[in-house]
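Here is a short note for a colleague who is opening this model for the first time. Please keep the sequence and the structure side by side while reading.

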Amino acid sequence: MNIRASNTPLSDWSGDGLAVGLFEDRLELTGDFAALDQKLAGALKELIDDEEFKAKPNSTAFTRISGGSIRKVILVGLGKVETFNAESLRCAAAAAAKLAKKQKCKSLAVSLPVCNDDAAKTAQAIAEGIQLALYQDNRFKSEPEEKETQVETVDLLGLGGQEAAITCADQIASGVMLARQLVAAPANEVTPETMAEIAQVIASEHGLEIEILEKEDCEKLGMGAFLGVAQASDLPPKFIHLTYKPQGTPRRKLAIVGKGVTFDSGGLNIKGAGSGIETMKMDMGGAAATLGAAKAIGQLKPDVEVHFISAAAENMISGHAMHPGDVLKASNGKTIEVNNTDAEGRLTLADALVFADKLGVEAIVDLATLTGACIVALGNDIAGLFTPSDELASELQKASESAGEKLWRMPMEEKYFEGLKSGIADMKNTGPRAGGSITASLFLKQFVKHTPAWAHLDVAGPVWTDKENGYNPSGATGFGVRTLVNWVLS
């Protein structure tokens, strides 16, 4: 699909489908819309009246045009002017693109208003919405079901000269699509070794440095928490460290750490009936977002040094499995009593955070599908943000708002750490049921000592959706990639 910036006047464009956006309570056709309606012999006004089109957010209507240079006209609702933002553009563009595909439009033009007088951000948001909405994943079907006509070209009318913004959207979308593919793939296709191989491809194609630590390397570094999780699997663990370095002196140095458990059986505390064990291929959603962000950053090439880290492993069951009650020692010397082998993600993150903490970065952000408790608290659409740093919280919230990915800052109640205290070790890996996502974040905090700012994102809910939503198809969403990229670029 080729998305192009265009200054072609609305009334002069010709092709299969023309999509125009309208606001609620502003359905009077004026200016370019009036001229287009006149050219189409009143077809726009007739469509609005016949369909009782109210321009509610992302609502659509279409009509066929006979004997003209345009085959179909699509109306897309933008909602109220006062709530219009970049996310409105993404969703409206997605709705228009999906309807154009359904109506077999190979060529499409989109005319949407500029948001906040920023043509570049407008073009980027529209292009992101279209690309992510039309994404398809048929890798594991012998005969793909999707046989509809594909949208081949899209012209963004009124946005001529914004080629750089469209290229930026393409680069970010490529990272989101990689994350979607990794999360959606079954655990027999995406293993720790697969994750390492993909990281190597990213490094090779986009000029990043790469370091892959094998089991023996991790043993030398004393990564007992990470290796404890990995020890039951027949597949060797891989500790992945990608580094993007800009030319010249970097403006900032940052680290992104992603949980990379490619399958989580629960270990000897095996997940039972109704636990969703069949979905545990997505327990590496944090690492998927980390690699997706690495791919995007490698193309965008900002003036910021970024380290991308994941301790990739399976949490399995065998005669070698860690037992409930075992004591593990992390690479910073802290000891952990394992009172639940299904709380494994925080163990892998512990050693990954210690590694990141030694890199001399200004801030670390980790992402993990860590707790069901966070889903109970915030639902499936919102990730939990845990950090003691108000400044980093503000940066991440601004980045997520720009990306259209929802975060909600959660409390880090220090006294809750009492629930993690152990009689024989420095801490247990789980605490009481109440406040489970908070105690998980307090556990992680113990492994960041030197870095000025750290934040944990619990993305257990939004990495997956059971139904199509806006520009997210059902399944893997690629959540986190755009927030991370925005944060790095800020």
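Predicted model: local features only at pLDDT ≥ 70, side-chain atom pairs only at ≥ 80, totals over all residues.

The points below go through strands, salt bridges and surface patches in turn.

1. **Strand 11, a covered strand.** Begin with strand 11, residues 305-315. Eleven of its eleven residues are buried. Both faces are covered. One side carries Glu305, His307, Ile309, Ala311, Ala313 and Asn315. The other carries Val306, Phe308, Ser310, Ala312 and Glu314. Note that charged residues, Glu305 and Glu314, are among the buried ones.

2. **Partners of strand 11.** Which strands pair with strand 11, and in which sense? Strand 8 (residues 238-244) pairs with strand 11 in the antiparallel sense, over seven bridges. Strand 9 runs parallel to strand 11, and five bridges join them. Strand 10 also runs parallel to strand 11, with four bridges. In general, strands of a sheet pair through backbone hydrogen bonds, either parallel or antiparallel.

3. **Residues to click on in these pairings.** His241 has Ile309 of strand 11 as its bridge partner. Ala255 stands opposite His307 in strand 11. Phe263 has Glu314 of strand 11 as its bridge partner. His307 and Ile309 belong to one covered side of strand 11, and Glu314 belongs to the other.

4. Look next at an open sheet with the strand order 12-13-17 and mixed pairing. Strand 12 (327-329) and strand 17 (427-428) stand at the edges. Each has a single partner strand, so one side of each is left without a neighbour in the sheet. Strand 12 and strand 13 (residues 335-337) pair in the antiparallel sense over three bridges. Within this sheet, Leu328 stands opposite Ile336 in strand 13.

5. **Lys259 and its two salt bridges.** The structure holds 23 salt bridges. Two of them deserve a joint look. Asp283 and Lys259 meet through their side chains, at 3.0 Å from N to O. Asp283 lies in the loop between strand 10 and helix 9, and Lys259 in the loop between strand 9 (253-258) and strand 10, so the pair ties together parts that are 24 residues apart in sequence. Lys259 also forms a salt bridge with Glu344, with the closest N and O atoms 3.3 Å apart. Glu344 sits in the loop between strand 13 and helix 10 (345-357), so this pair ties together parts that are 85 residues apart in sequence.

6. **Buried or exposed?** Asp283 counts as buried at 4% relative accessibility. Glu344 counts as buried at 1%. The cut-off for buried is under 20% relative accessible area.

7. **A salt-bridge network.** Glu24, Asp25, Lys56 and Lys80 are linked in a network of salt bridges. Within it, the side chains of Lys80 and Glu24 meet at 3.7 Å, N to O. Lys80 is in the loop between strand 4 (70-77) and helix 3 (86-102), and Glu24 in the loop between strand 2 (15-22) and helix 1 (31-39), so the pair ties together parts that are 56 residues apart in sequence. Lys80 is partly exposed, at 35% relative accessible area. Glu24 is buried, at 10%.

8. **The loop between strand 10 and helix 9.** This loop runs between strand 10 (260-264) and helix 9 (285-300), and Ile270 is found in it. Met282 lies in the loop too. Met282 counts as buried, at 14% relative accessibility. The C-alpha atoms of Met282 and Pro473 are separated by 15 Å, though the two residues are 191 residues apart along the chain.

9. **Surface patches.** Two patches close the list. Leu268, Ile270 and Ile317 form a nonpolar patch, with about 260 Å² of accessible area together. Glu52 is in the loop between helix 2 (43-50) and strand 3 (60-64). Glu52 is exposed, with a relative accessible area of 60%.

Methods
Residues numbered from 1 in each chain as written. Heavy atoms only, no water. Buried < 20%, exposed > 50% of the residue type's maximum accessible area, 1.4 Å probe, protein only. Pairing = 2+ DSSP bridges. Patch = residues over 30% accessible without salt bridge, like charges linked within 9 Å, V, L, I, M, F, W, Y side chains within 5 Å. Areas by Shrake-Rupley, 256 points an atom, 1.4 Å probe, with all protein chains shown as cover. Salt bridge = Lys/Arg side-chain N within 4 Å of Asp/Glu carboxyl O.
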